[in-house]
Protein chains: 2
Amino acid sequence: MKISIAGTGITKFGELWDASPRGLARVAVSKAIEDADIKKEEIGAVFVGNMLSGMLGSQEHLGAFFAEELGIAGVSATKIEGACASGGLAMHAAVTAVLSGLYETVLVLGVEKMTDHKPEDVASALMGAGSEEERLSGVSFPGLYALLARAHMDAFGTTEEQMASVAVKNHYHASLNPNAQFHNLLTIESVMKSSCVADPLKLYDCSPISDGAAAVILTGKKIRNGVSIIASCVATDTLSLSRRKSLTELSATREVSKKAYTQAGVTSKDIDIAEVHDCFSIAEIMALEDLGFFKKGHAAREIAKGHVTLGTSDRLVVNTSGGLKGCGHPVGATGVKQIVELVDQLKGRVGERQVKKSRIGLSHNVGGSGATAVVHILKK
Amino acid sequence: MKISIAGTGITKFGELWDASPRGLARVAVSKAIEDADIKKEEIGAVFVGNMLSGMLGSQEHLGAFFAEELGIAGVSATKIEGACASGGLAMHAAVTAVLSGLYETVLVLGVEKMTDHKPEDVASALMGAGSEEERLSGVSFPGLYALLARAHMDAFGTTEEQMASVAVKNHYHASLNPNAQFHNLLTIESVMKSSCVADPLKLYDCSPISDGAAAVILTGKKIRNGVSIIASCVATDTLSLSRRKSLTELSATREVSKKAYTQAGVTSKDIDIAEVHDCFSIAEIMALEDLGFFKKGHAAREIAKGHVTLGTSDRLVVNTSGGLKGCGHPVGATGVKQIVELVDQLKGRVGERQVKKSRIGLSHNVGGSGATAVVHILKK
């Protein structure tokens, strides 16, 4: 694909009580424009990934909203929504826009402001990603992922300590990321002792409620020092877990990664760094299996052994940003943040958390409990 | 552009108390698939245009939702939102997807179920298309368009009777469309006597609250009897009327139509039929000026003279479907319905409301009070 990432920008993620969605977007986009060394007038289209602004803030029409806010009212602008995969889907829409030839340079903005609302309202709105059957049953997303965790434990002997090791790793990585929500280190013991959210998932198995924005500028122009996008794919599955053939895998992740490897002409063995969707610790374990990095049932022990941790991995490092768990999970921003982290790694500009061998990176963004999965593969 | 419309499908529009969004989508999409003479497995991506499902129905994630409902879970699927331009934006996203080469055949589904909710909740949710300033001021969309109407009347002497003639024409067209919400004819007098909604706009100057779905199948394949898309463009403007330079035009419409004529290599004079965004009668008047069909300030009298009415026009016929006013306005479906009507006209299969000379058609879909405008130009 003849398409490059010209620049990236990101805000700090976290509970940003003093920040507005407008302010967050301005910061992330200004940085991306500066990084790309373009004038904002060169942007021909804006793709906004956001899930909750309508339900929680009564503000829809975010394409035009942010085009105006960024001072480029006039350009093509679209809001893309696919639950927690909204950012990844916005990225994919932007890729198709550039490849179409109708646009040369476009902006992807992922943004979410979650902390301004009551936690119970946020939890309820997030269930808009699931099925009506699930909402009526009263289950929450921690509950859905707890069901997946239990099925994985039953099938493969995955342990709660192994799941905890995902959080420990991702908090370690987050501690090296100035923009991450959390900088505190966890231990297996501290995760195991944290309060139960939905058995077997504990508080520290769960990604937090976060605010933040991330921006990426894509171009079809030939540029120097750009990062190439070599795959951009989407796959879907049923909204309800009850309609799935298996609870120990996300078939959308399996399907989308197969498509993406074919599109990029690489295999899972070629990936040096990956940002995967660890909304809950079990999600990262399943992702590393479904993406083909480990055999089914093997990922948990590999993660626990430090085999995807910065400094101890000799092959693949996962979630150097800190992942959703450590870096935070402002839902519409997450899929775009993953791209920002990969680009910054591939460009060798992330300081302490730099992965030495980082030539090819993969992002994996999931909506709901796996009804949407988006994969991008980037190359230096 | 090497892209064709292979098939279209639509439901009846109206207050469909017994219909669900799922059911509406199934009907529209089944018809489109049958019309395109393809197997549903050939669909590689789904683009859903919808505005209100999250805010009113708590159901987001409609890409995956409808892919599952249509029995094609697995494919790429995305929800696109841009207020009342959601359908047009979904169409544009689908066009870029096919032109990108990543997808060959894709489905656009516009769907909205508005009547299941209290009218005041619908009115409030619709204000998600406007700015916070407008929401806090307590203004509604009829109020915003009333301001535009008053400005137009002041600047050009446009009369309430001339505005009423838009509704009379569109109800006449709707009376010939079996799928339209309204089949009753209006007179200037009946419009003028209808209750005042937001002075100078009366009830019959306003499009209704509606349910409905429309579907279009696009393909990059060479096909027989397809309709070609020769332009697909989007432009934006400020959300707030208060930030606009002029209240007598929608600059997004002016900009997007200029781009579209250039892209298609045609002028406004080449357009035989147009489906324009007449959410209020004043909106059609402004649209016909901003799209370049009439000089500024001239459209109202031309419409009143019957110059864009079926049977009496010798040049351009506008809103043969009945428009938003007569056919109904299920917001996310409207932009897709416009395409369905144009295709059916260009293919000469709309019976009584057939425009004899229909070679090139234009659709014009607006979000909010003009913050988003989408134009497509189609050719037989």
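## Strand 11 of chain B and its partners

Strand 11 of chain B pairs with strand 12 (residues 372-379) of chain B in the antiparallel sense over eight bridges. Strands here are DSSP E runs of at least two residues and helices are H or I runs of at least four, numbered from the N terminus; two strands pair if DSSP finds at least two bridges between them. Within this pairing, V366(B) stands opposite A373(B) of strand 12. The two strands form a hairpin with four residues between them, and G368(B) in the turn has a positive phi of about 65°. Strand 11 of chain B also pairs with strand 9 (residues 273-275) of chain B, in the parallel sense and over three bridges. There, G361(B) is the bridge partner of I273(B).

Eight of the eight residues of strand 11 (residues 360-367) of chain B are buried, so the strand is largely enclosed by the rest of the structure. Buried denotes a relative accessible area under 20%, exposed one over 50%, and partly exposed the range in between (1.4 Å probe, protein chains only). In a regular strand, side chains alternate between the two faces of the sheet. Both faces of strand 11 of chain B are covered: I360(B), L362(B), H364(B) and V366(B) are buried on one side, and G361(B), S363(B), N365(B) and G367(B) on the other.

## Basis of the model

The model is predicted: local features need pLDDT of at least 70 and side-chain atom pairs count only at pLDDT 80 or more, whereas totals for chains, interfaces and linings use all residues. Residues are numbered from 1 along each chain as its sequence is written, chains are lettered from A and ligands numbered from 1 in the order in which they are written, and side-chain values use heavy atoms, with hydrogens and water left out.

## Interface of chains A and B

The contact (heavy atoms within 4.5 Å) takes 56 residues from chain A and 56 residues from chain B. About 3900 Å² is buried between the chains, of which carbon and sulfur atoms give 52%; this area is the accessible area (1.4 Å probe) that two parts lose on being put together, summed over both.

Two salt bridges cross the interface, under a rule requiring a side-chain nitrogen of Lys or Arg within 4 Å of a carboxyl oxygen of Asp or Glu. R243(B) forms a salt bridge with E68(A), with the closest N and O atoms 3.4 Å apart. Helix 2 (53-57), helix 3 (62-69), strand 3 (76-81), helix 4 (86-99), helix 6 (132-137), strand 8 (227-236) and helix 10 (251-264) of chain B each supply at least two residues of the side that touches chain A. Strand 3 (residues 76-81) of chain A and strand 3 of chain B run antiparallel and are joined by three bridges. In this arrangement, E81(A) stands opposite K79(B).

## Backbone features

The peptide bond from D199(A) to P200(A) is cis, with omega near 10°, and P200(A) is found in the loop between strand 5 (196-198) and strand 6 (201-202) of chain A. In chain B, the peptide bond from D199(B) to P200(B) is cis, with omega near 10°; P200(B) lies in the loop between strand 5 (196-198) and strand 6 (201-202) of that chain.

The loop between helix 2 and helix 3 of chain B contains S58(B) and H61(B). Phi of S58(B) is near 65°, a positive value in a residue other than glycine. Phi of H61(B) is likewise positive, near 65°. S58(B) is partly exposed, with a relative accessible area of 34%, whereas H61(B) counts as buried at 1% relative accessibility.
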